[in-house]
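Please keep the sequence and the coordinates in view while reading.

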Amino acid sequence: MAIAIAVAAFGGTQKPPRLKSASSQQIGPLADEWCVGTWYAAGMTTTGADDLVWGDFSGTTLSVDADGSGILIFSDDDDGPYKCTVTKAGKQNGITTYTCTFDFDEGMTPATLFAYDDPIENDSLISLIFNEDPNFILTFCKDKSTVQNHPWSQLDSGSAKGHSGTDNFSNSSSATMGERNALGKAKSYLDTVGGFSESGLRDQLEFEGFEADEISYALEHCGADWNEQCAEKAQRYLDSMSMSRSELYSQLEFEGFTSSQISYGLSKVGY
């Protein structure tokens, strides 16, 4: 079954088969990792993060066990479920990433699963981005009741994540496939995670394996407002801990923001 067919079934209401729940007592390479458990879909897009649609898509689930096995179920899709293997890729700039390799009919399909917090709370979001098509994104939450209330439904992903809101993606024939994919990945990180400095996003794209010229193209065309990204990062820190102005300044400086961006960010959060 093609991925596009699976995505088309995303918005249905059919109750998926009961999944084996992951136990904290399980042993395996993912024991005690935040990704273990059953996740309920809260958003989706096949045309890029700017078009992310929020809602109650809890019939679509991703289950991950401590032994590294996973199951993806699309609601109203009789061809699933789809098995995958999950391995920890690493942690950088506050993002813990995992590689998910799905066994679709057309072959093995890699994707990246990531979240900002580690460990994360049950109402936090994770995102699954398919490596060969970074415009194909599924967003999940572990708390089903939160998904069903879909508190994110009024969000505009561009403004919420400090994106300019302008589609600067270039379809010019002069852009290579690597440049286009780097740009798609950059925009996905900005819109589904956010809080990146320019150097932090560069580091993340390097971690993803993109070449220097591809990353430069992505940063030039992604439309990020680094001031707003800094303000978002500052607010994220304050939401999780109490920090003095000087502590917060130092942390934002460590994240790679410039002094002018930090001044803007601190002012935006009330410092």
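A residue is called buried under 20% relative accessible area, exposed over 50% and partly exposed in between, using a 1.4 Å probe and protein chains only. The model is predicted: local features need pLDDT of at least 70, side-chain atom pairs count only at pLDDT 80 or more, and totals for chains, interfaces and linings use all residues. Residues are numbered from 1 along each chain as its sequence is written, and side-chain values use heavy atoms, without hydrogens and water.

Four salt bridges are found in the whole structure, each requiring a side-chain nitrogen of Lys or Arg within 4 Å of a carboxyl oxygen of Asp or Glu. In general, side chains of opposite charge can pair when their charged atoms come close.

One of the salt bridges joins R236 to E232, with the closest N and O atoms 3.2 Å apart. Because R236 and E232 are four residues apart in helix 7, about one helical turn separates them; helices here are DSSP runs of H or I with at least four residues, numbered from the N terminus. R236 is partly exposed, at 23% relative accessibility, whereas E232 is buried at 14%.

A salt bridge also forms between E255 and K233, at 3.9 Å from N to O. E255 lies in the loop between helix 8 (245-254) and helix 9 and K233 in helix 7, so the pair ties together parts 22 residues apart in sequence. Both E255 and K233 are buried.

K268 forms a salt bridge with E228, the closest N and O atoms being 3.0 Å apart. This pair links helix 9 (residues 259-268), which holds K268, to helix 7 (residues 226-240), which holds E228.

Technical notes:
Helix = DSSP H or I, 4+ residues; strand = E, 2+ residues; numbered from the N terminus.
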